[in-house]
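Open the model in your viewer.

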Amino acid sequence: QWSIGASMENVDPKGGADTDYLYVAATYKVSAKNTLKLSYGDVDGDGTGMAAGISHGLGKKTELYALYSDVDYDDARDNRTVISIGVSHKFSIGGN
């Protein structure tokens, strides 16, 4: 099962220049516990970024994930490649 979405955000760090990000993203449920995740987008009109990863459900609210992301600016400044591995657990405070 496919899921598709889009994201637009503005990051404005204290004391630095702000950056606009516009991404499209897709997920594909490979099995009951495994989901592939992909995104591609524009970084401030000066470059492109992509991310690809997989998550593995451990329970109703917990998952393991591995993610590779890369941002390439047109003028070759400060290009970034990041590999992330972690655990995500969803919870709420108060309410239901």
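**Stop one: the tyrosines**

Select Y23: at 16% relative accessibility, Y23 is buried (under 20% relative accessible area; exposed is over 50%, partly exposed in between; 1.4 Å probe, protein chains only). Y21 is buried too, at 18%.

The model is predicted: local features need pLDDT of at least 70, side-chain atom pairs count only at pLDDT 80 or more, and totals for chains, interfaces and linings use all residues. Residues are numbered from 1 along each chain as its sequence is written, and side-chain values use heavy atoms, with hydrogens and water left out.

**Stop two: aromatic pairs**

The structure has two aromatic pairs. Rings of Phe, Tyr and Trp (its six-membered ring) pair if their centres lie within 6.5 Å; planes under 30 degrees apart are stacked, over 60 edge-to-face, the rest tilted.

Select W2 and Y28. Their ring centres are 4.9 Å apart and the planes meet at 45 degrees, so this pair is tilted. W2 sits in strand β1 (residues 2–11) and Y28 in strand β2 (residues 19–29), 26 residues apart. Strands here are DSSP runs (E, at least two residues), numbered from the N terminus. W2 is exposed at 54%; Y28 is partly exposed at 31%.

Go back to Y21 and Y23. Their centres lie 6.3 Å apart with planes at 25 degrees, so they are stacked.

**Stop three: the salt bridge**

Which residue forms a salt bridge with K37? Select E63: the closest N and O atoms are 3.4 Å apart. The criterion is a side-chain nitrogen of Lys or Arg within 4 Å of a carboxyl oxygen of Asp or Glu. E63 lies in strand β5 (residues 62–73) and K37 in strand β3, so the bridge ties together parts 26 residues apart in sequence. E63 is partly exposed at 23%, as is K37 at 30%.

Technical notes:
Helix = DSSP H or I, 4+ residues; strand = E, 2+ residues; numbered from the N terminus.
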